[in-house]
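Please load the model in a viewer and keep the sequence panel open.

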Amino acid sequence: MNRSRGPSLGGDQVEGRHAVRELLLAGTRRTREVVLAGDLDDAPILGDIIDLADENKVPVRELARSKFESMARTGASQGVIATAAPLQPTELTDLAGNGAGSDQPFLLLLDGITDPQNLGAILRTAECAGVTGVVLPRHRAAHITPSVTKAAAGAIEHLRMALVGGLPSAMQTLRANRVWTVGLDSSGDQSIHELAVADEPIALVLGAEGPGLSRLVRQRCDALASIPLQGALGSLNVSAAAAVACFEILSRRSQRQSEQRGRGPSGQPVV
């Protein structure tokens, strides 16, 4: 896996039981230490964390609750913190060039999403939906803070992420690599459920709640797609919208793969 040598994405402090266990299980970066609050009740996942730390020769120490809380950066650490090597970004061109077939690019571009809970929830959805890479702008956007790691529940250990100076130029790079960019926007002239390029190399572009897609990013999209809503409210939370869109793309890709498996080398149906 090629990594860029620029600024890191963050992620050096991981909080929450599932996030720390996934950090140790994945083994994609060095874990320096696991810290436990001293007053925790027994739980199977805590035993897993201690055993995994032992296997990986990661020191484990306990702190009194008051000292532990002074170390925590979130209000929901569940009594478990790990410190680790920061996440290093992947080059955008690597995300754009996965090849053909089931491994073709399925990317998310996040435009100005600053809320860490939303970012963490989107990353968790992305990993579960088979997204092959996430693109984050370097400025005016949340990166991988402890709150994000907690909300992502370990997804950051399995997702490739690029850090770019600006999304508009990144979209030009993707276009040069034959990746469609589709903005998710309430004004889109087609439904996400009818998107013609869903099973091709694609990058979904999501904007922040409230402002949505920025003007230049919207203009640079190859297409705009909307999520049909039936209720009185006019919009979804961005993480909920990401879930609807990502799993629609996954469904369409799975359907295409099933159709391809049902045909022989000549393209004729297998009887």
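**Stop 1**

Select helix α3 (residues 65-71), which holds both Arg 65 and Glu 69, 4 residues apart, or about one turn of the helix. Helices here are DSSP runs of H or I with at least four residues, strands are runs of E with at least two, and both are numbered from the N terminus. The model is a predicted one, in which local features need pLDDT of at least 70 and side-chain atom pairs count only at pLDDT 80 or more, while totals for chains, interfaces and linings use all residues. Residues are numbered from 1 along each chain as its sequence is written, and side-chain values use heavy atoms, leaving out hydrogens and water.

Display the side chains of Arg 65 and Glu 69: they form a salt bridge with an N to O distance of 2.8 Å. The term denotes a side-chain nitrogen of Lys or Arg within 4 Å of a carboxyl oxygen of Asp or Glu. Arg 65 is partly exposed at 30% relative accessibility, and Glu 69 is partly exposed at 38%.

**Stop 2: salt bridges between separate elements**

The structure holds 9 salt bridges. Select Asp 48 and Arg 21, whose closest N and O atoms are 3.1 Å apart. This pair links distant parts of the chain, with Asp 48 in helix α2 (residues 44-55) and Arg 21 in helix α1 (residues 17-26), 27 residues apart. Asp 48 is partly exposed at 33% relative accessible area, as is Arg 21 at 22%.

Next, select Asp 185 and Arg 218, which meet in a salt bridge of 3.0 Å, N to O. Asp 185 lies in the loop between β8 and β9 and Arg 218 in helix α8 (residues 215-220), so the pair ties together parts 33 residues apart in sequence. Is Asp 185 buried or exposed? Asp 185 is buried, with a relative accessible area of 11%, whereas Arg 218 is partly exposed at 29%.

**Stop 3: strand β11 and its partners**

Show β11 (223-226). Ala 223 and Ala 225 point one way from the strand, Leu 224 and Ser 226 point the other way, and all are buried. Strand β8 (residues 180-184) runs parallel to β11 and is joined to it by 3 bridges; Val 182 stands opposite Ala 223. Strand β9 (residues 190-191) is also parallel to β11, with 2 bridges, and Ser 191 stands opposite Ser 226. Strands pair if DSSP finds at least two bridges between them.

**Stop 4: a nonpolar surface patch**

Move to the loop between β11 and α9 (238-261), where Leu 229 is found. Leu 229 is partly exposed, with a relative accessible area of 36%. Together with Leu 236 and Val 244, Leu 229 makes a nonpolar surface patch of about 200 Å². Patches are made of residues with over 30% relative accessible area and no salt bridge, with nonpolar side chains (Val, Leu, Ile, Met, Phe, Trp, Tyr) joined within 5 Å and like charges within 9 Å. Accessible areas come from the Shrake-Rupley method with a 1.4 Å probe; for residues, only the protein chains shown count as cover.

**Stop 5: the whole chain**

Finally, select everything: the chain has 9 helices and 11 strands. Buried residues make up 48% of the 271 residues.

Methods:
Buried means under 20% relative accessible area, exposed over 50%, partly exposed in between (1.4 Å probe, protein chains only).
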